Each structure stands twice: as C-alpha cells, then as structure tokens.
Amino acid sequence: MVKLIRLAVLGCAAIAGLAASQNSAQAAVVFSDTFDGETLGLNYNSFANWDVVPNTGTVDLIGAPGFFDLYPGNGRYVDLDGSTNDAGVLETKASFAAGSYVLSFELGGNRRFGSSDGVTVKLGNFTQSFTLNPLDPLSLIVLNVTTSIAGKLSFENTGGDQAGAILDDVTLETAAVPEPSTLVLASMGLVIGMVARRRRNQA
Ligand SMILES: [Ca+2]
Ligand SMILES: [Ca+2]
Ligand SMILES: [Ca+2]
C-alpha cells in the first residue's frame, strides 16, 4: 500500500514537472481596430490595417463628427456598402496563421433602407454569415473561430444599395489553452482514481 501511494506521488510529481515545462498559451490580441484613426470619406480605401479588395466594390468610412453619424458615441466606423451600388470586400492587410481564435466585432443595421443586409465574415477557411435588419442596434458579436489554413480576415456585405451594415471594434485574439495548473489537477485526479481502484481490487 505504501508502495502504491509512493507511486502515485511520483506520478503526480512527474506530471507536474511535465506540465510546468510546457509554455502556457495565454490569449493574446493579434489584431485590433476601432477605425477611429481613419479619415472620414465615401468610397474610402486608405485604411491603416485593411484593404478593399480590388474590383469587389466600395465601403464608406463614416461617423463622428457629423458625417453620417448613425451610431453616435462610437467614433468612426465602416458602412460595408459604399456609395457605388456595389459593396466591397473589406480585408485585413495582415494574414493570420492557422489555429483557433476568439474574434469579436460590432455589427449594426444600416439604419436607412428597408431591406436587411447580409454580412459574411471569413478568416482562412472559417466562414459565417449574419443578417442585419435596418434597425438592429450596434451589437458585440464574439465568435470562436478555427481555421486550418492561414488567411486574412474579411467582411463582405451582400447586395449593393449603398446602405450597408455597420462594422466597428474588430479584435482577434489567439484562443487560450488550459493552464498547467488545471492540467496538473486533472492528472492528479486521474492518478488518485487509479490508485483507489487498485486498492478496491486488492481488498
Ligand atoms: Ca469606432
Ligand atoms: Ca454607403
Ligand atoms: Ca443594404
């Protein structure tokens, strides 16, 4: 019995050592943009961190002060359907590695025309679509995203009536992996369970 307990303790120590030697992957922000540093303009394509993909159409940069400020208090933001009746694809200049991320952004309705807008979000081979009614409020959306290939992050409004869904506050974080302490506790539970089972079998 003493031998068994000593084995269990040794096992725990070995697992703890193994876990401690691994780097704990904390969530890290790899991209963040509020659009507040941009210049107001229709059919805007001078973003610090984004390109409007050539030959896809246009987007507008609107907001404070007083330039189609549809969502006061949010600084500047993007109308994903510009002023050419052809919504462009807004794509990050940076490419992101394959992996798991937490992607957050704010989307709001166009607040102008009666028809709803579809918005497709892509990162590598991840894709998800949203439908925004014109009066939907600017709301935070948080997605767990996994892509098996490297790629850029993009937003595309479907349709082309010059009144697109509104995009603001885009943040991309790498997903956190479990803390070593969590791993150690889980491993210790496993070892203790095995010892208890052996004790029962021997009784
Ligand atoms: Ca903003
Ligand atoms: Ca527009
Ligand atoms: Ca529209």
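This briefing walks through the fold, the calcium sites and a few backbone details of the structure above. It is a predicted model, in which local features need pLDDT of at least 70 and side-chain atom pairs count only at pLDDT 80 or more, while totals for chains, interfaces and linings use all residues. Residues are numbered from 1 along each chain as its sequence is written, chains are lettered from A and ligands numbered from 1 in the order in which they are written, and side-chain values use heavy atoms, with hydrogens and water left out. The protein has 2 helices and 11 strands. Helices (H or I, at least four residues) and strands (E, at least two) are DSSP runs, numbered from the N terminus.

**Overall fold**

- Reading from the N terminus, the elements follow the order α-β-β-β-β-β-β-β-β-β-β-β-α.
- Of the 203 residues in the protein, 37% are buried; buried means under 20% relative accessible area, exposed over 50%, and partly exposed in between, using a 1.4 Å probe and protein chains only.
- Among contacts with a separation of 6 or more, 72% come from residues 24 or more positions apart, where a contact means heavy atoms within 4.5 Å.
- The protein exposes about 10,600 Å², and carbon and sulfur atoms supply 57% of that area. Accessible areas come from the Shrake-Rupley method with a 1.4 Å probe, and for residues only the protein chains shown count as cover.

- Strands of a sheet pair through backbone hydrogen bonds, either parallel or antiparallel.
- Here, an open sheet of 5 strands has the order 2-5-10-7-8, with antiparallel pairing; two strands pair if DSSP finds at least two bridges between them.
- Strand 2 and strand 8 (126-132) are the edge strands, each pairing on one side only.
- On average, neighbouring strands of this sheet are turned by 20° against each other, direction ignored. For such angles, axes are lines fitted to C-alpha atoms (for helices over the stretch in contact), and angles run from 0 to 180 degrees between N-to-C directions.
- Strand 7 and strand 10 run antiparallel and are joined by 5 bridges. Leu123 has Leu153 in strand 10 as its bridge partner.

**Calcium ion (ligand 1)**

- This calcium ion is coordinated at 2.4 to 2.6 Å by Thr34 (O), Asp36 (OD), Asn74 (O), Arg76 (O), Asp168 (OD) and Asp168 (OD). Donors are N, O and S atoms within 2.8 Å of the metal (3.2 Å for Na, K and Ca); water is not among the atoms, so sites may look incomplete.
- Its 6 donor atoms subtend angles of 51 to 167°, which makes the arrangement irregular. Four donors count as tetrahedral if all angles lie between 85 and 135 degrees; four count as square planar and six as octahedral if opposite donors are over 155 degrees apart and all others between 65 and 115; anything else is irregular.
- Along the chain, the donors of the calcium ion (ligand 1) follow the spacing T-x1-D-x37-N-x1-R-x91-D.
- Thr34, in the loop between strand 1 (29-33) and strand 2 (50-52), and Asp168, in strand 11 (residues 166-174), form a pair that links parts of the chain 134 residues apart.
- Thr34 counts as partly exposed at 35% relative accessibility, whereas Asp168 counts as buried at 0%.

**Calcium ion (ligand 2)**

- The protein donors of this ion are Asp60 (OD), Asp79 (OD), Asp81 (O), Gly82 (O) and Gln162 (O), lying 2.2 to 2.7 Å from it.
- Gly82, in the loop between strand 4 and strand 5, and Gln162, in the loop between strand 10 and strand 11, are 80 residues apart.
- Gly82 is buried, with a relative accessible area of 0%, while Gln162 is partly exposed at 29%.
- Gln162 also has a positive phi of about 75° although it is not a glycine.

**Calcium ion (ligand 3)**

- Asp117 (OD), Asp161 (OD), Asp161 (OD) and Ala163 (O) coordinate this ion at 2.3 to 2.8 Å.
- Asp117 lies in strand 7 (residues 117-123) and Asp161 in the loop between strand 10 and strand 11, so the pair ties together parts 44 residues apart in sequence.
- Asp117 is buried, with a relative accessible area of 2%, and Asp161 is partly exposed at 26%.

**Backbone details to check**

- The peptide bond from Ala64 to Pro65 is cis, with omega near -5°. Pro65 is in the loop between strand 3 (60-63) and strand 4 (76-79).
- Asn85 has a phi near 60°, a positive value in a residue other than glycine. Asn85 sits in the loop between strand 4 and strand 5 (89-96).
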